[in-house]
Amino acid sequence: MSLRPVREVDLDVFEEQGAGPKGTGELQWFGHRGLHAMRREFEANGLLGPEGGYLTIDARGEVAGWMRWSQRLWGPAHTSWCWTLAIVVFPRHRGKGVGSRAQRELVEYLFAHTRAERIEAITDVTNLAEQGALANAGFEREGVIRRAQWRGGQWHDQLLYSALRP
């Protein structure tokens with residue numbers, strides 16, 4: 001498993017897998033959406049910019065999912081920002097340690113190539129697999145964010161995790 005820049009053909013796989021809850025998983029299904037904005041951003045900057053980006057999770061030449069990072073502000077932008085990670089692992093690759101390895105690799109990359117002191121990840125309180133993956137990737141659970149996410153017609157509590165620069 002490795003992370004690599006997104007290729008244009010990957011966008012077709014992202015779209016196909018994101019077409020329903022079977023591909024994204026019920027905890028990441030937010031309804032039908034197009035990838036038009038993602039495709040425009042890909043054309044503009046290859047989905048890699050100073051405020052965040054996307055990488056493809058590559059499992060021996062097969063697109064296994066994607067990772068995204070974006071800035072979160074905890075105060076003034078010039079002093080109080082961190083990265084927030086998001087991950088989608090496609091069904092065929094779940095339960096094989098892909099998520100833990102991908103998150104660990106992205107954390108190492110971001111600490112090596114940016115000045116971030118903190119990297120966050122957020123997951124649903126019921127997503128035990130992701131909670132384990134985050135722990136395996138070196139994240140620590142910080143607390144519950146109550147009713148933070150609207151999905152499937154109701155509000156859902158989320159868990160906040162972080163990794164700090166070693």
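What share of the 166 residues in the protein chain is buried? Here are my notes on that and a few other points.

1. To take the question head on: buried residues come to 43% of the 166 in the protein chain. Keep in mind that this is a predicted model.

2. On overall dimensions, the protein chain has a radius of gyration of 15 Å, which agrees with the value near 15 Å that a compact globule of 166 residues would have. If you like to think in boxes, the C-alpha atoms fill one of roughly 35 × 35 × 30 Å along the principal axes.

3. As for the fold, I get 5 helices and 8 strands in the protein chain. Walking along the sequence, the order is β-α-α-α-β-β-β-β-α-β-α-β-β. Among contacts with a separation of 6 or more, 58% link residues 24 or more positions apart.

4. Have a look at the hairpin made by β7 and β8. Strand β7 covers residues 140-151 and strand β8 covers residues 154-164, and the two pair in the antiparallel sense over 8 bridges. Arginine 151 stands opposite glutamine 154 in β8. The hairpin has 2 residues between its strands, and glycine 152 in the turn has a positive phi of about 60°.

5. Now the surface: the protein chain exposes about 9600 Å², with carbon and sulfur atoms supplying 51% of that area.

6. Last, charges. I have 21 positive and 20 negative side chains for the protein chain, and the centres of these two sets lie 3 Å apart.

Notes: Residues are numbered from 1 along each chain as its sequence is written. This is a predicted model: local features need pLDDT of at least 70, side-chain atom pairs count only at pLDDT 80 or more; totals for chains, interfaces and linings use all residues. Side-chain values use heavy atoms; hydrogens and water are left out. Helices (H or I, at least four residues) and strands (E, at least two) are DSSP runs, numbered from the N terminus. The radius of gyration is taken over C-alpha atoms; the globule rule is 2.2 Å times the number of residues to the power 0.38. Buried means under 20% relative accessible area, exposed over 50%, partly exposed in between (1.4 Å probe, protein chains only). Contact means heavy atoms within 4.5 Å. Accessible areas come from the Shrake-Rupley method with a 1.4 Å probe; for residues, only the protein chains shown count as cover. Lys and Arg count as positive and Asp and Glu as negative; His and the chain ends are not counted. The place of a charge is taken as NZ of Lys, CZ of Arg, CG of Asp or CD of Glu. Two strands pair if DSSP finds at least two bridges between them.
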